[in-house]
Amino acid sequence: MSVVIIGGNECMVRRYKDLCQEFRCDAKVFPKQKSSLKGIGNPDLMILFTGTVSHKMVRNALNETKGHDVRIVRSHTSSMSALKNILEENVATEMVACSAK
C-alpha cells in the first residue's frame, strides 16, 4: 500500500517513514510546499496534517489526486500517535479485506 503524507514536522520525516514501513506501506512525505506536488503519483492513502500545512498546499495535493481512487484522511495533529491511529484504522482494515478475498 502506498501512503503520501502532506504536512507534518520536517524533523519527523524519517520517523513517519519508519512507522509506515512497520505497516508494510511505502511512504512519501511532503512536509513543506515545493514548487509543485507532481511527485505524489497515485497513492492508496493520502494523509493531510492540516495543523502544519498551508491551505494552498492542501488544495494542490487534492488537485493532484483528483479523479483517482485515493482515500484521504485529515488530521489536525501531526504526532506519531495520530499517524499510528490513522494507519491502524486504514491499513489494518485493508489487510483484513485483502486476506478475506
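## Basis of the values

This is a predicted model, in which local features need pLDDT of at least 70 and side-chain atom pairs count only at pLDDT 80 or more, while totals for chains, interfaces and linings use all residues. Residues are numbered from 1 along each chain as its sequence is written, and side-chain values use heavy atoms, with hydrogens and water left out.

## Overall layout

The protein chain has three helices and four strands. Along the sequence they follow the pattern β-α-β-β-α-β-α. Helices (H or I, at least four residues) and strands (E, at least two) are DSSP runs, numbered from the N terminus.

Of the 101 residues of the protein chain, 40% count as buried. Buried means under 20% relative accessible area, exposed means over 50%, and partly exposed lies in between (1.4 Å probe, protein chains only). Among contacts (heavy atoms within 4.5 Å) with a separation of 6 or more, residues 24 or more positions apart account for 70%.

The four strands form an open sheet in the order 2-1-3-4, with parallel pairing. Strand 2 and strand 4 are the edge strands, each pairing on one side only. Neighbouring strands of this sheet are turned by 15 degrees against each other on average, direction ignored. Two strands count as paired if DSSP finds at least two bridges between them. Strands of a sheet pair through backbone hydrogen bonds, either parallel or antiparallel.

Strand 1 (2–6) is mostly covered, with four of its five residues buried. Five bridges join strand 1 to strand 2 in parallel, and Val3 has Ala27 of strand 2 as its bridge partner. Strand 1 and strand 3 also pair in the parallel sense, over four bridges. There, the bridge partner of Ile5 is Ile47 in strand 3.

## Helix 1

Helix 1 (residues 13–22) lies across strand 1, strand 2 and strand 3, and runs at about 160 degrees to strand 2. Axes are lines fitted to C-alpha atoms, for helices over the stretch in contact, and angles run from 0 to 180 degrees between N-to-C directions.

Which residues of helix 1 are buried? They are Val13, Tyr16, Leu19 and Cys20. Seen down the axis of helix 1, these buried residues fall within an arc of 130 degrees, so they line one face of the helix. The arc is that of the directions from the helix axis to the C-beta atoms. Arg14, Gln21 and Glu22 are exposed on the other side of helix 1. Just after helix 1, Arg24 takes a positive phi of about 60 degrees.

## Helix 2

Helix 2 (residues 55–64) has Met57, Val58 and Ala61 buried. Its buried residues fall within an arc of 100 degrees when seen down the axis, so they line one face of helix 2. His55 and Lys56, on the other side, are exposed. The cover over the buried residues of helix 2 includes strand 1, strand 2, strand 3 and strand 4.

## Nonpolar cores

A nonpolar core is a set of buried Ala, Val, Leu, Ile, Met, Phe, Trp, Tyr and Cys residues joined through side-chain atoms within 4.5 Å. The largest has 19 residues, of which Val3, Ile5, Tyr16, Ile47, Leu83 and Leu87 touch the most other members. Strand 1, helix 1, strand 3 and helix 3 (80–100) each supply at least two residues of this core. Helix 3 gives the most, with five residues. Apart from this core lies another, of twelve residues, among them Val4, Phe30, Val53 and Val70.

## Two loop residues

Thr65 is in the loop between helix 2 and strand 4, and at 4% relative accessibility it counts as buried. Leaving aside neighbours within four places in sequence, Thr65 is in contact with Ile40, Pro43, Met46, Val70 and Ile72.

Glu10 is in the loop between strand 1 and helix 1. With a relative accessible area of 51%, Glu10 is exposed. Not counting residues up to four places away in sequence, Glu10 touches Pro31 and Lys32.
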